[in-house]
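User: I would like to learn how to read helix packing, nonpolar cores and a few local backbone features. Please give the general idea before each case.

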Amino acid sequence: MTEEKGPEFAAPPIAADVAAADVESVDRTPGQPTDGAEDPEGGYGGPAVPSGAADARRAAAWASQELDVPPTGPTLSFGFNLAKVPGHGEDSDPILRDGRELGLVAVFDGMGGAGGTIYETPDGPRTGAYLASRLARDVVEERMLALLDPEWNLDGPATSRELQRSVKRALADALAGLNAPKSGLRSRLLRALPTTMALMALQRLEPRKGRWAGHVFWSGDSRVYVFDPTTGAHQVTRDDLRDAGDALVNLRQDSVVSNAMSADTDFVVNHRKVELTAPFLAVAATDGCFGYVRTPIHFEHLVLTALQESTDTGSWSRIVQQRISAVTGDDAAMAVLGVGADHGEFRRLFATRAAELEQRFVVPLDELEAEVGRAEQAVAEARSRHATVQTSLWGQYKTGYERYLGNEEER
């Protein structure tokens with residue numbers, strides 16, 4: 001099975017499995033959507049889009065020209081896909097589309113543990129996780145670009161069912177076309193072509209008031225966040241985990257994903273709608289981005305301090321990538337859309353929040369962690385000294401203690 005790319009970006013495509021320095025970041029990257037065809041199996045196809053004026057209207061919704069009323073739509077965007085093993089990363093490229101009335105971000109994390117089966121493809125051996133994330137990405141992008149319309153309110157529940165049907169069918173068809181190796185293993189943890197998904201689709205509601213509808217769809221433990229300049233980061237997806245807890249608990253325990261896209265098990269696509277007021281950041285991320293920081297606070301701090309230290313969108317992206325690469329133990333993919341402000345304005349808007357995070361949360365936590373580290377080091381050194389002294393004193397005591405035991409040879 002070969003990897004097929006989705007509809008073309010207007011901006012340079014985000015290359016998978018490349019070093020951080022080679023990943024493109026883009027500022028104002030409007031996409032050009034394609035119209036979806038009718039679903040032959042009765043799936044939810046969204047509004048009919050005739051040619052002519054309606055086509056022009058939909059194209060204009062994704063166009064880069066400024067609206068004649070403020071605030072504008074997404075004004076900055078960047079995304080990346082960092083692979084731990086170059087050429088074999090199981091996260092797909094993120095979906096990253098923006099326009100003056102619409103926006104779309106999404107990430108897909110192929111589940112290497114559950115989907116570690118190796119399949120022979122024209123590109124060489126690939127895991128089921130690798131194939132699943134890329135196939136799901138292409139199917140979801142195609143469907144969402146067909147369904148998103150600037151003058152039609154997206155039906156979230158119907159869209160979630162359509163995404164579930166379309167991805168399920170595509171994964172099942174792909175599995176049927178692969179020469180899957182036979183395995184004697186039977187486990188509820190093993191799945192065929194498993195992947196997570198986290199997606200936010202944005203539709204402008206009131207241009208003059210900067211109000212947007214954010215439709216969030218997800219399966220698994222990848223996440224969508226909204227960053228507000230005043231109130232900070234907000235997780236808007238709920239992790240699908242067998243032992244569910246809050247974000248801090250989920251960092252501390254390694255729970256099994258309870259719901260994810262796959263070819264051979266049932267799954268659901270969750271939906272939630274949130275109303276947002278610009279300016280804000282919409283962020284989709286796989287767990288390689290947020291799952292290896294010390295607390296959820298540190299993830300927000302990572303993103304916002306990188307913003308404060310950056311000079312433009314490209315440098316912001318590079319700093320985020322460098323800091324995630326320094327701590328993560330997994331592939332990591334992220335897509336970011338900024339709505340209602342440019343890079344310089346976002347830097348200014350988030351400056352107070354970044355400083356508050358630093359002073360109120362991060363510094364106290366880091367100081368205590370350093371104190372714990374010093375205490376643990378002191379304990380380790382004390383244990384080592386104790387073992388050394390114990391051995392030495394035992395050697396002095398042992399001769400008298402074993403006086404009547406005789407030599408080893410006499411036994």
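Analyst: Begin with axes: an axis is a line fitted to C-alpha atoms, for helices over the stretch in contact, and the angle between N-to-C directions runs from 0 to 180 degrees. Helices (H or I, at least four residues) and strands (E, at least two) are DSSP runs, numbered from the N terminus. In this structure, the axes of α6 and helix α9 (residues 351-401) come within 10 Å and cross at roughly 135°.

User: What should I know about the origin of the model and its numbering?

Analyst: This is a predicted model, in which local features need pLDDT of at least 70 and side-chain atom pairs count only at pLDDT 80 or more, while totals for chains, interfaces and linings use all residues. Residues are numbered from 1 along each chain as its sequence is written, and side-chain values use heavy atoms, with hydrogens and water left out.

User: Which orientation do α6 and α9 have to each other, and which hand does the crossing have?

Analyst: Angles under 35 degrees count as roughly parallel, over 145 as roughly antiparallel, 65 to 115 as roughly perpendicular, and the rest as oblique. α6 and α9 are therefore oblique to each other. For the hand, a crossing is left-handed if the near helix is turned anticlockwise from the far one by less than a right angle, and right-handed if clockwise. The crossing of α6 and α9 is left-handed.

User: Which residues of α6 and α9 meet?

Analyst: Contact means heavy atoms within 4.5 Å. From α6, the residues are Ile 297, His 298, Glu 300, His 301, Leu 304, Thr 305 and Gln 308; in α9 they meet Ala 351, Arg 353, Ala 354, Leu 357, Glu 358, Phe 361, Val 362, Leu 365 and Asp 366. For classes, Ala, Val, Leu, Ile, Met, Phe, Trp, Tyr, Cys and Pro count as nonpolar, Asp, Glu, Lys and Arg as charged, and the others, Gly among them, as polar. The contact of α6 with α9 divides into 8 nonpolar, 4 polar and 4 charged residues.

User: How do α6 and α7 cross?

Analyst: Helix α6 (residues 296-309) and helix α7 (residues 313-327) have axes that come within 8 Å and cross at roughly 140°. This pair is therefore also oblique, and the crossing of α6 and α7 is right-handed. On the α6 side the contact is made by Leu 302, Val 303, Thr 305, Ala 306, Leu 307 and Glu 309, and on the α7 side by Trp 316, Ile 319, Val 320, Arg 323 and Ile 324. By class there are 8 nonpolar, 1 polar and 2 charged residues.

User: At what angle do α2 and α3 pack?

Analyst: Helix α2 (residues 128-147) packs against helix α3 (residues 156-177) at about 140°, with the axes 10 Å apart. That makes α2 oblique to α3. The crossing is right-handed. Residues making the contact include Val 139, Val 140 and Met 144 of α2 and Leu 163, Val 167 and Ala 170 of α3. The classes are 12 nonpolar, 2 polar and 2 charged residues.

User: Which residues touch the most other members of the largest nonpolar core?

Analyst: Buried means under 20% relative accessible area, exposed over 50%, and partly exposed in between (1.4 Å probe, protein chains only). A nonpolar core is a set of buried Ala, Val, Leu, Ile, Met, Phe, Trp, Tyr and Cys residues joined through side-chain atoms within 4.5 Å. The largest such core here has 36 residues, of which Leu 104, Val 140, Met 144 and Leu 193 touch the most other members. At least two residues each come from β4 (102-107), α2, α3 and β7 (197-206), and α2 gives the largest share, 10 residues. Not counting residues up to four places away in sequence, Val 140 touches Ile 95, Phe 108, Leu 163, Val 167, Met 197 and Leu 199. A second, separate core of 30 residues includes Leu 76, Leu 307, Trp 316 and Ile 319.

User: Is Leu 193 buried or exposed, and where is it found?

Analyst: Leu 193 is found in the loop between α3 and β7. Leu 193 is buried, with a relative accessible area of 2%. Its phi is positive, about 55°, although Leu 193 is not a glycine.

User: Where is the cis peptide bond?

Analyst: The cis bond joins Ala 278 and Pro 279, with omega about 5°. Pro 279 is in the loop between β11 (270-277) and β12 (280-285).
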